[in-house]
Amino acid sequence: MKFGALCADALGRSKNMIFGYLDAGSGSLLLQAVIGGLAGIGVAYKAMRMRIANRGLVEADTVESEVDAAEDSALPAES
Amino acid sequence: MIAPDPGSFRDPASRVVLDGEKVLRLLDERGLKGWRALAATEFFTKAVSDGRVIAAVEVDPPAGSAGALEHPRLPLVSYPYEWTFSMLKDAALLQLDLLEEALGVGLTVKDSTPYNIQFVDGRPIFIDIGSFEAYRKGEPWIGYRQFTRQYLFPLMLRAWVGVPFQPWLRGDLEGLTPSDMARLLGRRKRFNMGALLHVRLQARMESRMSDRAVREDLKSAGFSSDLILANVKKLRSLVTSLVWEHGVDGWSDYGSCTHVSRDRDTKSEFLQSALDRLSSKRVLDLGANDGHFSAIAAKTGAQAIALDSDEPVLDDLYRRSVGQSLSVILTDLGNPSPAQGWAGGERPGIVERARPDLVIAYGLIHHLIYSASIPPQGVVAWLRSFDTPVLVEFVSPEDDMVVKLSGNKLTEELHPGRTESEFRAMLEEVFEVVNEQALGEGTRILFDLEPR
């Protein structure tokens, strides 16, 4: 997978967060690691892998809560 | 009475207010913590004594603020869309130097906008003390994207594409986006590492990522300030390599015009006489060209503001202005910098900021009348709107320069009111003529005017 596409895939589902009053841009932040040289590329790669791992957690949480919600709505009113 | 600076509201930790002639910076708890960390460093003391960072003294805060600082008042606030190439480049290098030095003492600069830099006596000075804060381990440089948009890309645009950056910065106060810059570069600099990383890769990564949650991941992945320092080093090298080669362009060769050398001494004496009479403190030199008359005003102790639309000429003037109380403003008087930004007041127009007590309009009005097609009546009304004494050079329709400027226009296409008698009558309606002096071959007259 191409680098940019991998970054996008890795970061694609994370929650929105605002850092300070300035929009730093995720792509620009990650790029700083790449510009930093070999050590930085390692950091960028690790950060992307963490995104992938976090995405899995987010998906699991979402699925679990959605299942809970569905189960709740399916329960009989008197129970 | 305390009035907020209309351009200082984005950072809740640190806001500038004006208390009469005093400039105060009000801090919240976070801002105060950042200030105390900064003030304790030798870096700050040295940067202030070098004139690279504005001085600040802690004063009693007003109710509602955790802390307050007082800054010296700047002679003039200018904006990057009014700067020349060398000014923006010098400001960019100062920004990088300060970030590098701040990281060396455990601080960082949280944003990177040229609006935090001003020019005093021909040198850039960083004015936003509130931008310094303690560096948190593992944090990337939050201002990197802003640096590229507002410094690097505009400089690349001029140096590599040959297009002036000022209209872009004036059109969008946030600067050029990476994707716009990539399109503007086209196939240029395909094998340049700076273009590849900062422009093309940034554009690509930005377009693929719409969320903002990478900071914590970078921290966990082992991001360190060494990576910021490596980036700063590469950026400094890239910015230094950006050069704008300008030859004789526009009015660069104006000094060689016959009437300029012929009349220069007389015009200088006429100005000196007005400066002596008025003891002017702020002199606005409209159409300043090489800054000869601005420099005369600066020598008397006044703050001179040299305004012109010719970038090569002003770029040279900026480089010669070190140590002089002379500010350089690049703007077209047919369309001067307007008030703009948030609520139309974040960045006030140049006329509001200049606040002159003497206006010089030498060698100017014929360009407005014959090139920009401004009616003479409108020019007189505009000069009167400054509400200050004015030195104006009238140029008659028979003057060689006017003949040249109006060569492609039919007489009926020109506004009425261009003759000496008509123009004098318009002047005398709203000004008192204190002094006048004929120049050279009699096609030009200097008027020393005071508003009625």
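**Burial, loops and a sheet**

Author: Buried residues make up 30% of the 79 residues in chain A, where a residue is buried if 20 or more other C-beta atoms lie within 10 Å of its own, exposed if 12 or fewer, and partly exposed in between, with C-beta atoms placed from the backbone. This is a predicted model, in which local features need pLDDT of at least 70 and side-chain atom pairs count only at pLDDT 80 or more, while totals for chains, interfaces and linings use all residues. Residues are numbered from 1 along each chain as its sequence is written, and chains are lettered from A and ligands numbered from 1 in the order in which they are written.

Reader: How many helices are there in chain A?

Author: Helices (H or I, at least four residues) and strands (E, at least two) are DSSP runs, numbered from the N terminus. Read from the N terminus on, the elements of chain A run α-α-α. Chain A has zero strands, and its number of helices is three.

Reader: Why is helix H2 of chain A largely enclosed by the rest of the structure?

Author: Helix H2 of chain A covers residues 26-35, and its buried residues include A:Ser26, A:Leu30 and A:Ile35. The helix is largely enclosed by the rest of the structure because the number of its residues that are buried is 10 of the 10.

Reader: Is B:Lys189 exposed, partly exposed or buried?

Author: B:Lys189 is found in the loop between helix H6 (178-185) and helix H7 (193-208) of chain B, and it has a positive phi of about 55 degrees although it is not a glycine. Because B:Lys189 has 16 C-beta neighbours inside 10 Å, it counts as partly exposed.

Reader: And which class does B:Asp387 count as?

Author: B:Asp387 lies in the loop between helix H15 (376-385) and strand E14 (390-395) of chain B, and its phi, near 60 degrees, is a positive value in a residue other than glycine. Since B:Asp387 has 10 C-beta neighbours inside 10 Å, it counts as exposed.

Reader: Which are the edge strands of the open sheet of seven strands in chain B?

Author: Two strands pair if DSSP finds at least two bridges between them. The sheet has mixed pairing and the order E12-E11-E10-E13-E14-E16-E15. Each edge strand pairs on one side only, and these strands are E12 (326-330) and E15 (431-439) of chain B.

Reader: Which residue stands opposite B:Ala306?

Author: Strand E11 (residues 303-308) of chain B and E12(B) pair in the parallel sense over five bridges. The residue in E12(B) that stands opposite B:Ala306 is B:Val328.
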